[in-house]
Amino acid sequence: MVGYVLKRLVQSVFVMLAVAFLAFSLFKFVGDPISQMTGVETSLEDQERLREELGLNDPFFVQFARFTGDMLRGDFGFSFRTREPIGEMLLTRLPATLELGTVALLISLIVGIPAGIYTALRPRGLVSQSILIGTLIGVSIPTFVIGILLIFLFGVQLGWLPTYGRGGTVEIGWWRSSLFTADGWRALVLPALTLGLFQLTLTMRLVRAQMMEVMRTDHIRFAIARGVPWRSIRYRHALSNTMIPVITIIGLQFGGVIAFSIVTESVFQWPGMGLLFLESIRFVDIPVMSVYLVVIAFFFVLINLLVDLLYVVIDPRLRVRESV
């Protein structure tokens, strides 16, 4: 088990280095940040002096080594546009993104898992077919279109819910939360539904496929032959085996909702990290763009590592395989 953990940790380190290199490399060619930081009245000498102060004239690998070393020390640098420390900018936006992603994921699990079980156990039922058709339509519509439709229906026509911002928030230390006020929850509903709908469809279809596959296995047939109660077969034997691969997907989904919340945050002007990333693209704020991608990759790597370890704990077959 210790060897397995160490192997995963080493792999995670190499993944993070590769992501940091790609992020730093890509954003070196998106534009000149000096032209965004200065006006037309700035002389060429002042622009060159600023470029030298920021280290933009250094060789690429020197800049990358400096970027990586600073991040390892917890120094994320500062924004070229606002001159604010990037770490503080991300910490300010992090609660909004995490709360939005968590609520969206909970919606997808609370609705998707029961719907997947129901459609697997009654595959030819009218309700099951209606659910499958509805989810197929939902997953085919782009996220920003779903957000606009929800805004038009619940915000414009009915006037029930706000269409932008976080609403009322409560400060708990450095964490600014929307989960402790009624206005915060009202503002959270539409973006969470928009972000969670696609994940809901994936969860439901995965649970359905796994449940139907497990119900056809030999040990389920033997349980039926022994006279085990049908309810026990469904919800004890079949469901427990169904949830093993689903746990992996749930971990990846959480990373996905954090990474792909950019569109939702843009549509609803949700003040999270995704909106900060879009603003940094607009102003060619290279340090913010690079650090954002590395932080998102860190979330993915950390979640995958935790899921791998949880997988070994849940599935005894993997413990036997790793010990061989």
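## Basis of the model

The model is predicted, and for that reason local features need pLDDT of at least 70 and side-chain atom pairs count only at pLDDT 80 or more, while totals for chains, interfaces and linings use all residues. Residues are numbered from 1 along each chain as its sequence is written, and side-chain values use heavy atoms, with hydrogens and water left out.

## The chain as a whole

The chain has 14 helices and two strands, where helices (H or I, at least four residues) and strands (E, at least two) are DSSP runs numbered from the N terminus. Its C-alpha atoms fill a box of roughly 85 × 60 × 35 Å, taken along the principal axes.

Of the 324 residues in the chain, 42% are buried; buried means under 20% relative accessible area, exposed means over 50%, and partly exposed lies in between (1.4 Å probe, protein chains only). Among contacts (heavy atoms within 4.5 Å) between residues at least 6 apart in sequence, 73% join residues at least 24 apart.

## Helix α7

Helix α7 covers residues 143–157, and at 1.5 Å a residue its 15 residues should span 21 Å, which agrees with the 20 Å between its end C-alpha atoms; the expected span is 1.5 Å times one less than the number of residues. The helix bends by about 25° at Ile151, the bend being the angle between axes fitted to the seven residues ending at a residue and the seven starting there. After α7 comes Gly159, whose phi is positive, near 70°.

The buried residues of α7 are Ile146, Gly147, Leu150, Ile151 and Gly155. An α-helix has 3.6 residues a turn, so residues three or four places apart point the same way. What covers the buried residues of α7 includes α6 (126–140), α8 (182–215) and α11 (262–267).

Phe144 is found in helix α7 and, at 43% relative accessibility, counts as partly exposed. Leaving aside neighbours within four places in sequence, Phe144 is in contact with Val263 and Val267. Phe144 and Thr194 are 50 residues apart in sequence, and their C-alpha atoms are 8.0 Å apart in space.

Thr264, which is found in helix α11, counts as buried at 1% relative accessibility. Not counting residues up to four places away in sequence, Thr264 touches Leu100, Thr143, Pro191, Thr194 and Leu195.

## The pair α5 and α12

Helix α5 (residues 86–121) and helix α12 (residues 273–282) pack at an angle of about 130°, with their axes 7 Å apart; axes are lines fitted to C-alpha atoms, for helices over the stretch in contact, and angles run from 0 to 180 degrees between N-to-C directions. The two helices are therefore oblique to each other, given that angles under 35 degrees count as roughly parallel, over 145 as roughly antiparallel, 65 to 115 as roughly perpendicular and the rest as oblique.

On the α5 side the contact is made by Met89, Leu90, Arg93, Leu94 and Thr97, and on the α12 side by Met273, Gly274, Leu275, Leu276 and Glu279. By class, this contact has six nonpolar, two polar and two charged residues, where Ala, Val, Leu, Ile, Met, Phe, Trp, Tyr, Cys and Pro count as nonpolar, Asp, Glu, Lys and Arg as charged, and the others, Gly among them, as polar.

## Loop residues

The loop between α4 (60–72) and α5 holds Arg83, which has a positive phi of about 65° although it is not a glycine, and which counts as partly exposed at 43% relative accessibility. Gly77 is found in the loop between α4 and α5 and is partly exposed at 30% relative accessibility. Not counting residues up to four places away in sequence, Gly77 touches Glu84, Pro85 and Ile86, whereas the C-alpha atoms of Gly77 and Trp230, 153 residues apart along the chain, are separated by 60 Å.

In the loop between α11 and α12 lies Gln269, a residue that is not a glycine but has a positive phi of about 50°. Gln269 is partly exposed, with a relative accessible area of 44%.

## Ala23 in helix α1

Ala23 is found in helix α1 (residues 2–26) and is buried, with a relative accessible area of 3%. Leaving aside neighbours within four places in sequence, Ala23 is in contact with Ser290, Leu293 and Val294.
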